[in-house]
Amino acid sequence: MESFKVSSRILKKTLTRALSTTPDFQPKPFEAIPGPKGCYQWPVVGTLLLFKPFSNYTPETFHKLLDDMFDKYGPIIKLRLGAPHVIVSDPEDFQTVFRNEGKFPVRTPISLITALSKRTGLKDSMPNLKGQEWHTLRSPLNRHLLKADSALHYLEQQNQVAEEFAKILAEQNMNPEDLAELFFRFAAESIALVTFNRRLGFFSLDIDDESKQFLQASRDGIKLIYYSQSGKSIAHTWYRNQTYREYEKVALITRRFAWKHLEIAREENRRREKEGTLNTEEPNLLLSLTKESSLSDDDISNIMSSLYSAATDSTAKNLQVLFYNLAKNPDKQEALRKEIHSVLGASGPLTAAALSQMSYLKACVKESFRLNYPVVSGPMRILSTDVILSNYTVPAGTTIMMANSRAVKTHFEETDQFMPERWLRTSESRKHDVTSHFVALPFGHGPRNCIGRRFAEQEIYLAASKVIQNLKIDLDKESWDTSFIYKLFIEPEKPLRFRFTKINSS
């Protein structure tokens, strides 16, 4: 029956596409896009009416609101979320948006970052930049971070971080809150090797005050941006409310920390150059950025701060979700363990050659992303040209949200099952149509995709391989049916109660 539903949907889309290319086809007007009407389209009020106490939804359960709206109205809806948004769930529409995003894609700015820039004179963080200004910062990062082997240069050092992470899990009986903190520290320590070219010692209980302050600032910054994006804070746009004051404080802490390590790197480079030991071609992001004539020290500090902040909380939470899915599916966990032992042995490190052979590990990560999507919707774009989406005209300048979190629930068979096998190239269930490549985009797509994608994936591969290699992951009963919410990124509604036990590897 499920296969019939999928085939019927594909047939319907094919017929619709054929009809839309006929000479007499006329797209429907923007005003006709379905969605809540009347007071729901009023400024400010229209947005408030979508959430409690006027409905059963909160910003944390926005994904459930979207599901119900798509069930009611179809694959395209118009909602007022501050400004009017067009939200699409058809991968063919995703493809249309990306084909029309241009050389310098535009996304909705983060209002809290905008307020900080205006009041302090600090340059906007990379997520908010657009046009040539964005391209100037992004281009050198593309050269250094998007190469196929860019993350592999850090693999040996990050192996050590993952091994320490697994060792702590094996030796310490931690409560759920402390476990969540450990996941965060693992991600923070791993990405520091990339952004600051050094370990920061975040696994230690007695880290120095400056590093402790920086770690807390990294965590708080994500929380405060979530407040501004979810509507929990609105007044920061007009005056220095509590959310803004706290964000300015953590942003300055983060920038100062980045500046300090930039100076340390420069001094290290001067020393090595004097000694004749400096290799300007070594895989060192910080060194590479200092050689870019187009980048100022403020630009480099901005880049490091943005990359670091984006790669900690999200990686930590998605790693927890992966472990949750493996714990709930012990047969898949055991299949993964067999692959790890066959490639790495009982204690070997994850090398570049080994990683290239571990298709099931990569499939498990992809399937975890699909089943519990990392973000509440998908990429957002503001196009400079009119487009036709689901047979409706969407004018230039409209904020378009791509609901990949919905598409991954409707485009696959047995959608509620954790089935890594669906991502293996030998699987007959693997989709081959062009639009299928746009269904699951946890790191975005195109020129404005996530710059840290390769590093986030590598950190998850490392943690999973080292933990599964040595430990069995289980869940306490009260965490078995955990609900997930979104605060920028996915997270469990309550801290997960994992149990890690050593396995007999003999």
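The stops below cover a lysine, a pocket and an annotated cysteine.

This is a predicted model, in which local features need pLDDT of at least 70 and side-chain atom pairs count only at pLDDT 80 or more, while totals for chains, interfaces and linings use all residues. Residues are numbered from 1 along each chain as its sequence is written, and side-chain values use heavy atoms, with hydrogens and water left out.

Select Lys466 to begin, and you will find this residue in helix H18, residues 453–470 (helices are DSSP runs of H or I with at least four residues, numbered from the N terminus). Is Lys466 buried or exposed? Lys466 counts as buried because its relative accessibility is 3%, where buried means under 20% relative accessible area, exposed over 50% and partly exposed in between, with a 1.4 Å probe and protein chains only. If you then show contacts (heavy atoms within 4.5 Å) and leave aside neighbours within four places in sequence, the partners of Lys466 include Asn159, Glu163 and Ser347.

Next, select Lys362, Lys366, Arg453, Glu457 and Tyr461, which are the closest to the centre of the second largest pocket among the 38 residues that line it. A pocket here is an open set of points on a 1 Å grid over the protein atoms alone, where a 1.4 Å probe fits, with protein on both sides within 12 Å along at least five of seven lines, and lining residues have an atom within 4 Å of a point. The largest share of this lining, seven residues, comes from H16.

Finally, select Cys450, in the loop between helix H17 (404–410) and H18, which counts as partly exposed at 31% relative accessibility.

Definitions and conventions:
Helix = DSSP H or I, 4+ residues; strand = E, 2+ residues; numbered from the N terminus.
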